[in-house]
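User: I have a structure open and would like a short tour. Can we go through it piece by piece?

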Amino acid sequence: MNAPKRTTVGIVGAGPAGLLLARLLHQAGVDCVVLETRDRPYVEQRQRAGVLEQSTVDVLRASGAGERLEREGLPHDGIELSWSGRRHRIDFPKLTGGKRVWVYAQTEVVKDLIKLQLADGAPLLFQATATGVTGADTASPTIHYTYEGEDRTLTCDYVVGCDGYHGVARQAIPESALTTYERVYPFSWFGILADVPPSSDELIYAHSPRGFALLSMRSHTVSRLYLQVPNGTDPNAWTDEQIWDELDARFAVDADWKLQRGPITQRAVLPLRSSVTEPMRWGRVLLAGDAAHIVPPTGAKGLNLAAADVTVLARAFIELHTTGDDSALAAYSDTCLRRVWRAEHFSYFMTSTLHSDPDQTAFDARLQLSQLDRIASSPHAAAELAENYVGVAL
Ligand code: APR
Ligand code: PHB
């Protein structure tokens, strides 16, 4: 592909945020270019979460990327919480006035968006590495990047950093203009993919004295499971049998239920972090998705927040493009941060209620159990969880 030199919106990063933004802009006739440092197979195979809120499904459909999602996505009307040998179901439609979520892997969302974009979309360059962004406070911010062994520049009206937590776009903003709020957790998730039908129709979030565990799925034949492990755990130090034994112990329930085992096809350890960078815009550089905020995966909010950011941003660019009015763009950061902080709180709540902090006291553990009992016995407490899980309208 020819390396473009000029565009209206330059987008760094082809994760869900960058790809969906490019799709929405292209549909509305706003010129844009996406630069992605990795190659296509890497981006399409990177394992991430897989729960979509209705609003995320709606925007994917509107972007034209809803076809396979509609066919293969699994609608979920609830989740199970598990603790002290018991389970409690959170019934989403009942508690939220009819809402539900969809299980459809982020890898599939990314594949669908890339396919559309390459078929009929704005330029998307793989193995194009942004090395820096200059002129954030001018009318033509510029992305410096390398592509096919050469240093190049892309001059833009606006630059959007969809380049994840370690991205370069945010470095275009003076450090003194940004505040980062952060929490690092003293544990990680050990995630596996296994060729075995999911042992439950619904996701199970398990609290146990041995640590948290999550049962999720990718399809009717592939399970996705997670174990809380200490930071720095080597995923290859565990045998398959040790992983299944530990999952068994953490999902133990006083009922006739068995966790089905199967060949483990992928394993990885990911650290947990909460982080928000404010503001999400400075001059003509805007941040979206993981570039601006990170949530621990316990609330399944990362992808949904990224989709919400770029929905707001695309609308703002389209308004500017069609009417010349930049007020929605001016409000971008404030509009997004309300939702971001709600999701940060929920993700922190789910994480701290369900995990065993290595430093926690017996008192802390009893508080967790009391909170879980409260959710099981109070429709109000359950509704608070359900509303947040399916996505709060903000
Ligand atoms: N130049 C070009 N591309 C870059 C650069 C760079 N200098 N730095 C990073 N990238 C690319 C990465 O390779 C990656 O493909 O930016 C992309 C960022 O994508 P994601 O990390 O998927 O972030 P985002 O699109 O915001 O999606 C958020 O991903 O991490 C999950 O839980 C998170 O589900 C949420 C979603
Ligand atoms: C997943 O399926 O990968 C998944 C599901 C729910 C979560 C996190 C991850 O909260």
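User: Where is Gln127 found?
Analyst: Gln127 is in the loop between strand S8 (124–125) and strand S9 (128–134). Strands here are DSSP runs of E with at least two residues, helices are runs of H or I with at least four, and both are numbered from the N terminus. This is a predicted model, in which local features need pLDDT of at least 70, side-chain atom pairs count only at pLDDT 80 or more, and totals for chains, interfaces and linings use all residues. Residues are numbered from 1 along each chain as its sequence is written, chains are lettered from A and ligands numbered from 1 in the order in which they are written, and side-chain values use heavy atoms, with hydrogens and water left out.

User: Is Gln127 buried or exposed?
Analyst: Exposed, with a relative accessible area of 52%. Buried means under 20% relative accessible area, exposed means over 50%, and partly exposed is in between, using a 1.4 Å probe and protein chains only. Gln127 also has a positive phi of about 50 degrees, although it is not a glycine.

User: What about the phi of Ser84?
Analyst: Ser84 has a positive phi of about 45 degrees, and it is not a glycine. Ser84 sits in the loop between strand S5 (78–83) and strand S6 (86–91). With a relative accessible area of 54%, Ser84 is exposed.

User: Which peptide bond is cis?
Analyst: The one from Glu278 to Pro279, with omega near -10 degrees. Pro279 belongs to the loop between strand S16 (264–278) and strand S17 (281–282).

User: Stepping back, how many helices and strands are there?
Analyst: The chain has 12 helices and 19 strands. Its radius of gyration is 21 Å, close to the 21 Å that the globule rule gives for 394 residues, so the chain is as compact as a globular protein of that length. That radius is taken over C-alpha atoms, and the rule is 2.2 Å times the number of residues to the power 0.38. Along its principal axes the C-alpha trace spans about 65 × 40 × 40 Å.

User: What share of the residues is buried?
Analyst: Buried residues are 54% of the 394 in the chain.

User: And what share of the contacts is between residues 24 or more positions apart?
Analyst: Such residues account for 71% of the contacts in the chain with a separation of 6 or more. A contact means heavy atoms within 4.5 Å.

User: New topic. How many disulfides are there?
Analyst: A search of the whole structure finds 0. A disulfide is a pair of cysteine sulfur atoms within 2.5 Å.
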